[in-house]
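The stops below are meant to be selected one after another.

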Amino acid sequence: MAESVGMDQRIQSLIDARKSLKSSLEKSKAIGLALGKTGHRFVEIEERLPSLEAAVRPIRADRDALVAVGGHINRAVGPAAAVLKVFDAVHGLEKSLLSDPKNDLSGYLSVLKRLEEALKFLGDNCVLAIQWLEDIVEYLEDHNVADDKYLLNLKKSLRGLGEFQTDGGGGGEKERSHSRLDGGLRDAALDKLENEFRRLLKDNSVPLPMASPSSLGDQACIAPSQLPVTVIHKLQAILGRLRANNRLDKCISIYVEVRSLNVRASLQALDLDYLDISVSEFNDVQSIEGYIAQWGNHLEFAVKHLFEAEFKLCNDVFERLGVNVWMDCFSKIAAQAGMLAFLQFGKTVTDSKKDPIKLLKLLDIFTSLNKLRADFNRLFGGVACIEIQNFTRDLIKRLINGAAEIFWELLVQVEIQKQTPPPSDGGVPRLVSFVTDYCNKLLGDKYKSTLTQVLLIHKSWRSERFQDNQLMVEVLRIIKAIQQNLDVWMKAYPDQTLAHFFGMNNHWHLYKNLKGTKIGDQLGDSWLKEHDQYKEYYVTFFLRDSWGKLPSHLSREGLILFSGGHATARDLVKKRLKAFNDAFDDMYKKQSAWVLPEKDLRDRVCQQIVQAIVPVYRSYMQNYGPLVEKDASSSKYVRYTVVALEKLLSSLYIPRPMRYGSFKGTPPSEKLKNEVDLRRTTSAVV
């Protein structure tokens, strides 16, 4: 029992010891956890100690330094706050400036101006605000008022602001600075204004309509309608803002591009491809004569209708920017629109092969330029148009030198032609007809004053004197040289009949084509009458020595009819008809290739030939034709009817291609064969 009690006591003691040990372990564990938490707090306290130290540093700083820092901070914060406020205002303009200025241009320009003012404020004050902030940092650092790390961060931020404000120099420093300040908003707005400037120009630039390129000469001087006043005002307003932002050059480029394209579109209807022709593409000036005539009309149209309008419009749009600006703008439009191409065509003509027709064409070109001289001086007289001025001066110099050179060589060229053989057809040589017509043109109303002016200028360049009547004197020398050529050519013919034929042809040509002209008036009536008399002289000798000999073959001698004499008479008639026919055929064959270009002379000569031969032939055939008509071989002797003979004689000397009329070039031999059918019967010989 006692042992049992003792055992219980020992067990109880173990249980109590266990409980005590467990309680101690739990307390130890709690202490350990508490110690762990306390360690983290020590770390946090240790980490916070530097900032706490920095926070209390001002308390430890000098009292005077702490008092002064407040004023420094206030002075720096004021400008910085103002800058921040303007920055906010700039961002407030963004929506308006990214819209289309087309909808409200004046409002858009007003907003853009506000942006420019804001950027100017920022540009002027950002540097000041940064300088004040840098002063504060320097003060804090010098007086040990702030923590070094804090000051380092401040310096880094201020250095970044300084770099953002400026990129270190260059002509566009201000613009790049503004671009950084507004994030590119101003540049985007200016781009939109340039686009609006282009749109206004394109929408209101319409090519000049033309009914027909051929009617240019009759068309009144009507320039393309000017841009509406409202549009011009809008363009000027845009120019003002773009110029203020150094975008004027770009604006002028846009204007030149749009307006020069508009002028080109107006000229396109004129088909000006010929302006690009080169000297190698044509043989002589005559082959492009039509182009030269068009050129004068087209140039006048371009100057008076198109470039005149562009000149005025440039003045209207750019007048506020000064004369140099708008004149430079106009000169670029004129060059790009094709003015130089017109002048280049004139130069190409001057480079072409030299011949008399070229002289007339050079005078035509000179006349066109001279007619537009006042317009050229006014439109292209400025310094900006120096290229057009130089090109024009060079062209005029070429025209004057080229025309004078050809004119002074005309006499020599005429004299050289003496050595050439005369025409085999006895007609008027090309030289004679050309020179008489040519000289009449030179002294005509169209060319005389221009040629005189050209020769006067040319002589003055060479310090030589030009007499008032020198042009007429030189032309008369040319005509008299032609007369001398005629004398030489007449002597060159071995056939005197052809020489007389040639003489009457050419003396009549000179008389007819110079009578009533300025040359004829200068030469005088006696000179003209002399040539008319020469013509009559040669007509007489020509008829006498050629066709006048034919009637003698139709002699009636020995043809007195008497009983029993028919056979003898018939043989005699056959013989004489054959002789006549042979002589006629030879004469006709020989002279059928000769020509009388002047219809009045041709009709008269043919009529005289007919009168000399046909009546004799008719009478002979009426009296003696029946003697041979019944003969089986009558066709050998009666080759022509009176009608056929007269028709053949009347058709002589007609210049080709109209020589053979309805025969359309049938040669004389074929013509004679066709005419044979009109003979034979006595009834046909009427």
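This is a predicted model: local features need pLDDT of at least 70, side-chain atom pairs count only at pLDDT 80 or more; totals for chains, interfaces and linings use all residues.

**Stop 1: the largest pocket.** Select Pro-356, Gln-413, Gln-417, Leu-431 and Phe-434; of the 23 lining residues, these lie nearest the centre of the largest pocket. The space there is about 470 Å³. Now colour helices H12 (356-371), H14 (386-416), H15 (430-442) and H17 (470-492), each of which supplies at least two residues of the lining. H15 gives the largest share, 6 residues. By type, the lining consists of 15 nonpolar, 4 polar and 4 charged residues.

**Stop 2: helix H11.** Select residues 339-350 and check the length of the helix: at 1.5 Å a residue, its 12 residues should span 16 Å, and the end C-alpha atoms are 18 Å apart, which agrees. Is H11 largely enclosed or open? Of its 12 residues, 9 are buried, so the rest of the structure largely encloses H11. Show side chains for the buried residues, among them Met-339, Phe-342, Phe-345 and Val-349. Around them, display H8 (248-268), H9 (289-318), H10 (323-337), H12, H13 (373-380) and H14, against which the buried residues of H11 pack.

**Stop 3: helix H13.** Move to H13 and select Asp-375, Phe-376, Leu-379 and Phe-380, which are buried. These residues cover an arc of only 100 degrees around the axis, so they sit on the same side of H13. Turn to the other side to find Ala-374 and Asn-377, both exposed. Return to the buried residues of H13 and show their packing partners: H9, H10, H11, H12 and H14.

Definitions and conventions:
Residues are numbered from 1 along each chain as its sequence is written. Side-chain values use heavy atoms; hydrogens and water are left out. On a 1 Å grid over the protein atoms alone, a cavity is a set of points where a 1.4 Å probe fits but cannot get out, and a pocket is an open set with protein on both sides within 12 Å along at least five of seven lines; lining residues have an atom within 4 Å of a point. Grid points are joined across faces, edges and corners, and a volume is the space filled by probe spheres set on the points. Helices (H or I, at least four residues) and strands (E, at least two) are DSSP runs, numbered from the N terminus. Ala, Val, Leu, Ile, Met, Phe, Trp, Tyr, Cys and Pro count as nonpolar, Asp, Glu, Lys and Arg as charged, and the others, Gly among them, as polar. The expected span of a helix is 1.5 Å times one less than its number of residues. Buried means under 20% relative accessible area, exposed over 50%, partly exposed in between (1.4 Å probe, protein chains only). Contact means heavy atoms within 4.5 Å. The arc is that of the directions from the helix axis to the C-beta atoms.
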